[in-house]
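Here are some notes to read alongside the structure, for anyone meeting it for the first time. Please keep the view open as you go through the points.

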Amino acid sequence: MLSRVYGQGIHSHREIEKDTNTLNHFFANGRFYGHARSYWSGTVNDGNLSDAYAWGAGAGIGYETPKFFKRFQLGLSGFFMFNIKSTDLAKADPQTGQVNRYEIGLFDIERPNDHEDLDRLEELFIKTHFGKKSVVTIGRQIPQSPFINPQDGRMRPTLTEAAVVNINEWSNLKLHGEYIWRISPRSTVRWFEVGESMGVYPVGVDINGKPSQYKGHTESKGVGILGATYRKKQWSIELWDTYLENITNTGFLKAEWKSKTEAGKNWFIGSQLVRQNALGNGGNPDPSQAYTQAGATSTVISGRIGRQSTKFDWYINATRITAEGRYLMPREWGREPFYTFMPRERNEGFGDVTATSINTFYKPRKNLKIEISGGYFQLPDTKNFALNKYGMPSYSQINLGVTYQFEKYLKGLNALLLVVRKDEIGETYQNDRYVFNKVNMSHFNLILNYHY
């Protein structure tokens with residue numbers, strides 16, 4: 001510490017030591033962190049259907065204290081954002097009556113044309129450290145589980161208000177448990193009760209083809225999650241259970257294996273199994289207002305085989321959602337973990353799905369990655385309402401992604417260019433509602449992130 005000179009001379013060594021015990025010194029030894037983000041998004045739809053674009057920018061800062069009383073920490077962060085320029089995101093397409101799907105999510109989906117007051121207190125938590133490396137975190141935080149996660153596809157991520165325990169006392173085994181009572185989904189600035197958050201995004205149709213009525217009528221006391229991850233040598237095994245009280249229980253098993261590396265290359269094999277069952281009354285005693293029907297079930301199987309190396313990775317993936325019922329998980333909460341997932345589209349809300357995809361990643365330099373991926377997604381007919389919640393036809397998708405990490409003076413800055421093309425394979429019955437923002441469209445993202 002540098003001493004200060006006043007009219008009476010230099011502070012004594014004893015006074016300097018005393019100064020290190022002040023509150024000011026304590027906070028000065030904490031960790032500040034920040035994030036600035038620019039996000040341009042544009043969608044070109046088929047024919048005379050409406051196109052859209054939006055450019056958002058924002059920044060945030062966070063702070064985490066050093067440990068006090070040897071085991072406690074406090075943290076908080078906030079973020080603000082601006083709609084710099086966009087089309088009218090609240091205006092419905094004249095031909096279909098539907099509103100924008102992608103660009104509207106950059107800001108506040110509840111107030112699509114509000115360019116101001118787009119700020120959110122994102123983190124506010126207390127951590128308690130115990131054992132060797134275990135931690136309990138209570139408060140607002142970033143979720144990290146297979147079905148509830150940040151889903152970094154808009155300006156800001158999904159956040160949860162929860163009590164989370166991570167037990168890391170063993171070298172090969174990690175245990176996770178949490179209870180969530182409030183959620184702030186991406187594309188919003190408010191915090192919602194768990195049931196209230198279900199329906200912030202478009203709700204699709206019920207099993208009879210009528211507009212779903214669960215928005216504002218879903219009853220749940222919260223979400224409980226248990227997880228265990230075991231890693232040893234070439235094996236990784238994860239077991240998760242997501243218990244959405246009164247609505248669904250979703251079990252998830254993932255097993256992955258890597259061969260030994262030879263000449264800088266190795267094989268990769270992965271498998272996933274999801275089993276979902278309805279709980280209670282599905283969210284409401286009135287079936288027309290329930291999120292899911294009592295007794296409903298669904299099963300998902302996903303697999304991957306691939307080759308990994310320093311410069312080039314490739315994977316072949318397949319997913320099957322059985323025809324016994326819809327696989328359901330609120331889109332407000334996170335992206336799906338299936339191997340065939342491709343950014344900007346999901347298979348949530350469907351049953352009887354057969355999906356295949358190929359991913360390739362080329363890394364010519366350590367700070368540059370190029371991705372080319374393609375997928376074929378066979379969905380139920382758009383009029384098969386019992387298995388097709390969102391009226392999505394079967395489709396093909398191609399993604400081109402380029403990620404660049406800046407270095408030296410611009411270290412911490414990265415850029416992502418993502419180009420998505422989706423085309424119809426299934427029947428749309430000459431109904432543009434099955435086309436607009438779904439198929440026969442091109443979607444573009446240019447994202448800059450600066451972390452400090």
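**Notes on the structure**

1. Isoleucine 84 counts as partly exposed because its relative accessibility is 41%; here buried means under 20% relative accessible area, exposed over 50%, and partly exposed in between (1.4 Å probe, protein chains only). Isoleucine 84 belongs to strand β5. Strands (E, at least two residues) and helices (H or I, at least four) are DSSP runs, numbered from the N terminus.

2. Before going further, please note that this is a predicted model, where local features need pLDDT of at least 70 and side-chain atom pairs count only at pLDDT 80 or more, while totals for chains, interfaces and linings use all residues. Residues are numbered from 1 along each chain as its sequence is written, and side-chain values use heavy atoms, with hydrogens and water left out.

3. Now to the charged pairs: how many salt bridges does the structure hold? There are 20 salt bridges, each being a side-chain nitrogen of Lys or Arg within 4 Å of a carboxyl oxygen of Asp or Glu. One of them joins lysine 363 to aspartate 313, with the closest N and O atoms 3.1 Å apart. Lysine 363 sits in strand β17 (residues 353–365) and aspartate 313 in strand β16 (residues 312–321), so the pair ties together parts that are 50 residues apart in sequence. Aspartate 313 counts as buried, at 11% relative accessibility.

4. The loop between β16 and β17 deserves a look too. Glutamate 348 and arginine 331 form a salt bridge, their closest N and O atoms being 2.8 Å apart. Both lie in the loop between β16 and β17, so the pair ties together parts 17 residues apart in sequence. Glutamate 348 and arginine 331 are each buried.

5. Glutamate 345 and lysine 422 also meet through their side chains in a salt bridge (2.4 Å, N to O). This pair links distant parts of the chain, 77 residues apart: glutamate 345 is in the loop between β16 and β17, and lysine 422 is in strand β20 (residues 413–424). Both residues are buried. Elsewhere, salt bridges with shared partners join Arg140, Glu161, Arg182 and Glu193 into one network.

6. Leaving aside neighbours within four places in sequence, glutamate 178 is in contact (heavy atoms within 4.5 Å) with residues including Ser145, Val164 and Ile225.

7. Finally, valine 203 lies in the loop between α3 (194–197) and β11 (223–232). Valine 203 is buried, with a relative accessible area of 16%. Not counting residues up to four places away in sequence, valine 203 touches Ser212, Tyr214, Lys215, Lys389 and Tyr390.
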